[in-house]
Amino acid sequence: MKATIWHNPKCSKSRATLAILQERDGVEVEVVEYLKNPPAREKLAQLYADAGMSPAQGLRLSGTDAKDRGLPEADADTVLDAMAADSRLIERPLVETEKGVRLCRPVEKVEEIL
């Protein structure tokens, strides 16, 4: 099974999720440091749709100006545009496998798609 993680190595939840993926037999892990290589707007839209969540639910509030910009209440297109322009607004870690996509907060949510 292939798993892609949109990862921030400075984030403890992201590191813990990556460790779960790497320890699992039969999982080929692709690590994307999304702050260096941000996903395209279309990819973000697909990830949130596949996770069954709105872009606003995937918005990082801590350490960002998302609240000041009114993004938690904004429509999906506005949030996606903001995330595409500033990848710091993307909550992490997002993990995609053939079984689905999860925002792994808490980290154990990754088990749902393994």
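View 1. Axes are lines fitted to C-alpha atoms, for helices over the stretch in contact, and angles run from 0 to 180 degrees between N-to-C directions. Helices (H or I, at least four residues) and strands (E, at least two) are DSSP runs, numbered from the N terminus. This is a predicted model: local features need pLDDT of at least 70, side-chain atom pairs count only at pLDDT 80 or more, and totals for chains, interfaces and linings use all residues. Residues are numbered from 1 along each chain as its sequence is written, and side-chain values use heavy atoms, without hydrogens and water.

**View 2. Four strands make an open, mixed sheet.** The order is S2-S1-S3-S4. Strands pair if DSSP finds at least two bridges between them. S2 (28-33) and S4 (100-103) are the edges; each has a single partner strand, so one side of each lacks a neighbour in the sheet. Neighbouring strands are turned by 15° against each other on average, direction ignored.

**View 3. S1 and S2 run parallel.** 6 bridges join S1 (residues 2-7) to S2. Ile5 stands opposite Val31 in S2.

**View 4. Helix H1 packs on the sheet.** H1 (residues 12-23) touches S1, S2 and S3 (94-97), where contact means heavy atoms within 4.5 Å. Its buried residues (under 20% relative accessible area, 1.4 Å probe, protein chains only) are Ser14, Thr17, Leu18 and Leu21. They cover an arc of only 100° around the axis, so they sit on the same side of H1. The cover over these residues includes S1, S2 and S3.

Technical notes
Buried < 20%, exposed > 50% of the residue type's maximum accessible area, 1.4 Å probe, protein only. Arc of directions from axis to C-beta.
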